[in-house]
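Please read them with the structure open beside you.

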Amino acid sequence: MGGTEHLTVERRGATLVLTMNRPEAKNALSLPLLVGLYDGWLEADADHEIRSVVLTGAGGDFCAGMDLKALAGKGMAGDQYRDRLKADPDLHWKAMLRHHRPRKPVIAAVEGYCVAGGTEILQGTDIRVAAESATFGLFEVKRGLFPIGGSTVRLPRQIPRTHALEMLLTGRPYSAGEAARIGLVGRVVPDGTALEAALEIAERINACGPLAVEAVKASVYETAGLTEAEGLASELLRGWPVFDTADAKEGARAFAEKRPAVYRRE
């Protein structure tokens, strides 16, 4: 099991739980944290026993964005982390899910602050659960900065353009209720229960056929920019092979025999 001093990695059944672990800094992004995140995404995709990933934060917050001092390596990053970034200059973007999309479903469990780079990482996740008192927002313009983690591209594709532009151009905070109303998160739960709710969703995903789940996720993203006709053609290319798998046959047998299916990624 991987991880760094700023990220903990835990297996809960078939779910990999990645916990950003800098509570004293509201889990602001450091180089060790980014390296750990990227390695976590790779671990999830490489391990066939892992069927879902939950991303959360320690100490009651999700992520308060980028820690510029930590990224500069001033006393917070060892040579091994700086060497990793030199070897792969895009590593931090991949860690933030800007340049990388895991095959496995990624569920965000948000408590407390999820702002700036935290809201940018959130846009790379697939399913999002937020605690009632969570706070969201892209504050970059208030500081004369640009939300370069992908928000000007992804946010208007995920929520209505008017809401995306208001969030991007005002730099104001959003409550969990408002984030749910505009579609940035899918579910709001009582404080302290976001991780529990995310794990419940993960368990439901884990009970499904993993080849089918991964194909469905891939199809949703692959067809996002296509015309309807192009998207439907692409869907067939992704979908038909799933019907020929042993898992598909097992699903039908399990239904007929009124028992839980045992999927083997075959």
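1. A word on contacts comes before the detail: contact here means heavy atoms within 4.5 Å. The model is a predicted one, in which local features need pLDDT of at least 70 and side-chain atom pairs count only at pLDDT 80 or more, while totals for chains, interfaces and linings use all residues. Residues are numbered from 1 along each chain as its sequence is written, and side-chain values use heavy atoms, with hydrogens and water left out.

2. Ala131 counts as buried, with 0% relative accessibility; buried means under 20% relative accessible area, exposed over 50%, and partly exposed in between, with a 1.4 Å probe and protein chains only. Leaving aside residues up to four places away in sequence, Ala131 touches Val110, Glu111, Ala176, Val188, Val189, Pro190, Asp191, Gly192 and Ala194. One of these, Glu111, is 20 residues from Ala131 in sequence, yet the two C-alpha atoms are 5.2 Å apart in space.

3. The sheet comes next. Six strands make up an open sheet of mixed pairing, in the order E1-E2-E3-E4-E6-E9, where two strands pair if DSSP finds at least two bridges between them. Its edge strands are E1 (7–12) and E9 (187–189), each of which pairs on one side only. From one strand to the next the twist averages 20 degrees, with axes taken as lines fitted to C-alpha atoms (for helices over the stretch in contact) and angles running from 0 to 180 degrees between N-to-C directions. Strand E6, residues 127–131, pairs with E9 in the parallel sense over three bridges, and Ala130 stands opposite Val188 in E9.

4. Which residues of strand E3 point one way, and which the other? Ser52, Val54 and Thr56 point to one side, Val53, Leu55 and Gly57 point to the other, and all are buried. On one pairing, strand E2 (residues 15–20) is parallel to E3 over six bridges, with Gly57 as the partner of Met20. The path from E2 through H1 to E3 is a right-handed β-α-β crossover, meaning that, with the strands pointing away from the viewer, the path from the first strand over the helix to the second runs clockwise. E3 also runs parallel to strand E4 (residues 106–110), joined by three bridges, and here Val53 stands opposite Val106.

5. On packing, the largest nonpolar core has 46 residues, and those with the most contacts inside it are Leu18, Met20, Leu29, Leu37, Val110, Phe136 and Leu184. Such a core is a set of buried Ala, Val, Leu, Ile, Met, Phe, Trp, Tyr and Cys residues joined through side-chain atoms within 4.5 Å. Helix H1 (residues 31–46) gives the most to this core, with eight residues. A second, separate core of 14 residues includes Val17, Val189, Ala194 and Ala198.

6. A disulfide is a pair of cysteine sulfur atoms within 2.5 Å, and a search of the whole structure finds zero disulfides. Cys63 counts as buried at 0% relative accessibility, and Cys114 counts as buried at 0% relative accessibility.

Key. Helices (H or I, at least four residues) and strands (E, at least two) are DSSP runs, numbered from the N terminus.
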